[in-house]
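Morning, everyone. Please have a look at the model on the screen, and then I'll walk you through it.

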Amino acid sequence: MAASDKSVDDSLYPIAVLIDELKNEDVQLRLNSIKKLSTIALALGEERTRSELIPFLTETIYDEDEVLLALADQLGNFTSLVGGPEFAMYLIPPLESLATVEETVVRDKAVESLRTVAAEHSAQDLEIHVVPTLQRLVSGDWFTSRTSACGLFSVCYPRVTQPVKAELRANFRKLCQDETPMVRRAAANKLGEFAKVVETEYLKSDLIPNFVQLAQDDQDSVRLLAVEAASHAQLLPQDDVEHLVLPTLRQCASDSSWRVRYMVAEKFVDLQKAVGPEITRVDLVPAFQYLLKDAEAEVRAAVATKVKDFCANLDKVNQVQIILSSILPYVRDLVSDPNPHVKSALASVIMGLSPMLGAYQTVEQLLPLFLIQLKDECPEVRLNIISNLDCVNDVIGIQQLSQSLLPAIVELAEDSKWRVRLAIIEYMPALAGQLGQEFFDQKLRGLCMGWLNDHVYAIREAATLNMKKLVEQFGAPWAEQAIIPMILVMSRNKNYLHRMTCLFCLNVLAEVCGTDITTKLLLPTVLLLAADPVANVRFNVAKTLQKISPFLEASVIDAQVKPTLDKLNTDTDVDVKHFAAQAIAGIAAA
C-alpha cells in the first residue's frame with residue numbers, strides 16, 4: 001500500500017512543482033515554469049494534461065505579459081500533448097482567455113495559436129468548438145476580444161456549412177462597423193485574408209461594401225489598412241474591379257491623410273498586379289503620377305522606390321511609350337527634389353529603367369539624369385547610382401559609360417565623405433572587369449593606389465582587399481609589373497601606418513600571386529620590416545609571416561622565416577613576442 005501511495009505521490013510531483021513555481025513571486029521562475037510546460041505535460045500523460053493541467057492554466061490566467069506571451073506560444077504546439085486532433089478542443093478555453101487580455105502581443109500570439117489549433121480540428125469539431133469561441137469573441141464587451149476575433153474568420157470559413165458561413169459573414173460585417181476604431185482597424189487588416197476564402201458572389205455582395213466603408217472611415221489608421229485589403233481585386237473579374245474597387249482606390253490615392261497616400265504608394269505594385277494591365281494604363285498611371293508629385297516627401301520617397309517595378313509590370317506593348325510620356329517627366333522632377341530621401345529612393349531604382357528603354361533612349365533620356373545624380377550633394381544618392389551601374393553597362397556598353405560617367409566616378413573616388421569612397425572601392429573590381437586592363441591602368445590604377453594611403457583605416461582596409469580582387473581579375477603577371485612595385489615603395493614611407501598598410505597588402509596578395517612572386521618580391525620586404533622601430537609594425541610582420549608561409553617553400557621557411565620569428569620572439573615589446581610565438585606555433589602546426 002505504501003509503495004502504491006509513493007508512486008501516486010511521484011506522479012503528482014511535476015504538477016506540484018509547476019503550481020509552486022507559477023505562484024512564485026519571481027517572474028523569471030514563473031516564466032521558466034511556463035517554458036517547461038511540454039515536459040510537464042509529457043510527465044503527466046495526455047489524460048491528466050487534459051483533466052488537470054489545462055484547467056489549472058485556464059483558471060490562473062492573470063500574470064505578467066511576458067509569462068502570458070510564453071503561455072500563448074506554448075499552447076499552440078500542445079495538440080499532440082493532449083491526445084491529438086480529436087482532443088484539440090481542450091486547448092480552446094485557455095487560448096480564448098489569452099485572446100482577450102489587454103497586451104497586444106499576447107493577444108496576437110494567442111490568435112496565432114488559436115489559428116494553429118483550429119486548423120487541427122475536424123470540420124465537425126470546428127463547428128462545435130471553434131465557431132462558438134469566435135462568436136463569443138465577436139460579442140465580447142471589451143474591444144480586445146473583438147479585435148482578436150478578426151483573425152479567426154479565414155481559418156474557420158472554408159470548412160463550415162453554408163448557414164454557419166452566412167453567420168460568419170454577418171459577424172465580420174458587424175466588426176467592420178464596430179464603434180471602436182481598434183476593432184475596425186483589425187477588421188480592415190484581415191479583410192484581404194478573409195476575401196481569399198469567401199466565394200466570389202459573397203465577396204461582391206458582402207465584403208466589397210465592407211471594404212468601401214472602411215476606406216471611407218473617419219480614422220486614417222483604418223483607411224490605410226483598407227488599402228492593403230484592396231489586393232482582393234485580383235479575385236474579381238475586370239468589369240467588377242472597375243465598378244466596385246477602382247473608385248475607392250482613386251479616392252485613397254488622393255486621401256487627405258498622407259499616411260493613407262503613403263500606404264497606397266507602398267502597395268502600388270501589388271494593386272497594379274491585382275487590377276491588370278488595361279486598368280493600370282487607364283487609371284493607375286494617373287494615380288502614380290499624382291503620388292510622384294505628392295506634397296509629402298514620405299509619400300514621394302515611397303512611390304519613387306516603386307518606379308522600376310511599376311514600369312516593369314506595364315503592358316509590354318505600350319511599356320516604352322508609357323514610360324517616356326507618362327513616367328519620365330515626373331521622374332525628372334524627382335531627380336532634383338528638395339528632399340534627400342526622395343532623391344536617394346529614386347537613385348536606387350532609376351538605373352533599372354535602362355533595360356526597358358533600350359540603348360538609344362537610355363543615352364538620350366536617362367544618362368543626363370544619372371549625371372545629375374552622380375553630382376548630387378547627398379552621398380546616398382551618389383552611392384545608389386554607383387551601386388547599379390551594371391544595369392546601364394549591359395544596355396549601352398562600356399565605351400559610352402566610361403565617356404559619360406567616369407569623370408563623375410573619379411570625382412567620387414576623392415569625395416570628402418569616406419563612406420562614398422568606400423562604396424566606389426567596393427564597386428571598383430566590377431568596373432575594372434567591365435573597362436578592361438588597359439583602360440583601368442590609364443584611368444583608375446592611380447586612384448586605387450591612392451586609397452592605400454587614405455587617412456581613414458576602413459578605406460585602407462577596403463583598398464587592400466580591392467587589390468586582391470584586381471589581381472584575381474587581371475592575373476599575377478599584371479600584379480608583378482603594375483602594382484607590387486608601387487606597394488613595396490610604401491615600406492619605406494616615414495609614416496608607420498603606410499608601412500603597416502604595405503604589410504596588409506602583402507598578406508592578401510600572397511594568396512593570389514603564387515609562390516614565385518611571394519618568395520622573390522614580397523618576402524624580402526616583410527623581412528626588412530622586421531627591424532622596424534615601431535612595435536606595431538614588427539608584430540604585424542610576425543602575423544604576415546604566418547599568413548604567407550603556406551605560399552612559401554619549406555626550405556625558405558627554415559632559412560629565412562623561422563630565424564626572423566625567433567628574433568622577434570626575444571623582442572623587448574610584449575605584443576611582438578606574443579604574435580611571434582603565435583606565428584612560430586602556427587607554422588609548426590601547419
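Let's start with a term: contact means heavy atoms within 4.5 Å. With that in hand, residues 24 or more positions apart account for 68% of the protein's contacts with a separation of 6 or more.

Some ground rules. This is a predicted model, where local features need pLDDT of at least 70 and side-chain atom pairs count only at pLDDT 80 or more, while totals for chains, interfaces and linings use all residues. Residues are numbered from 1 along each chain as its sequence is written, and side-chain values use heavy atoms, with hydrogens and water left out.

Now the overall picture. The protein has 35 helices and zero strands. Both are DSSP runs, numbered from the N terminus: helices are H or I with at least four residues, strands are E with at least two.

How far does the C-alpha trace span along its principal axes? About 85 × 85 × 35 Å. The radius of gyration is 34 Å, whereas a compact globule of 590 residues would have one near 25 Å. That radius is taken over C-alpha atoms, and the globule rule is 2.2 Å times the number of residues to the power 0.38.

Charges next. There are 56 positive and 77 negative ones, and their mean positions are 6 Å apart. Lys and Arg count as positive, Asp and Glu as negative; His and the chain ends are not counted. Each charge is placed at NZ of Lys, CZ of Arg, CG of Asp or CD of Glu.

What share of the 590 residues is buried? The figure is 52%. Buried means under 20% relative accessible area, exposed over 50%, and partly exposed in between, with a 1.4 Å probe and protein chains only.

In soluble globular proteins, nonpolar side chains tend to be buried together. A nonpolar core is a set of buried Ala, Val, Leu, Ile, Met, Phe, Trp, Tyr and Cys residues joined through side-chain atoms within 4.5 Å. The largest one here has 200 residues, and Phe78, Val307 and Ile483 touch the most other members. Helix 32, residues 496–528, gives this core its largest share, twelve residues. Leaving out residues up to four places away in sequence, Phe78 touches Leu37, Ser38, Ala41, Thr49, Leu53, Ile54 and Leu91.

Cys156 lies in helix 10, residues 153–156. Cys156 counts as buried because its relative accessibility is 0%. Beyond four places in sequence, Cys156 touches Leu126, Val130, Val131, Leu134 and Leu168. Val160 sits in the loop between helix 10 and helix 11. Val160 is at 8% relative accessibility, so it counts as buried. The contacts of Val160, again beyond four places, include Leu126, Val131 and Leu168. Val160 and Leu126 are 34 residues apart along the chain, yet their C-alpha atoms are separated by 7.6 Å.

One more stop: is Asp220 buried, partly exposed or exposed? At 22% relative accessibility, Asp220 counts as partly exposed. Asp220 belongs to helix 14, residues 220–229. The C-alpha atoms of Asp220 and Ser257 are separated by 6.5 Å.

Last one. Val245, in helix 15, counts as buried at 0% relative accessibility. Its C-alpha is separated by 32 Å from that of Lys343.
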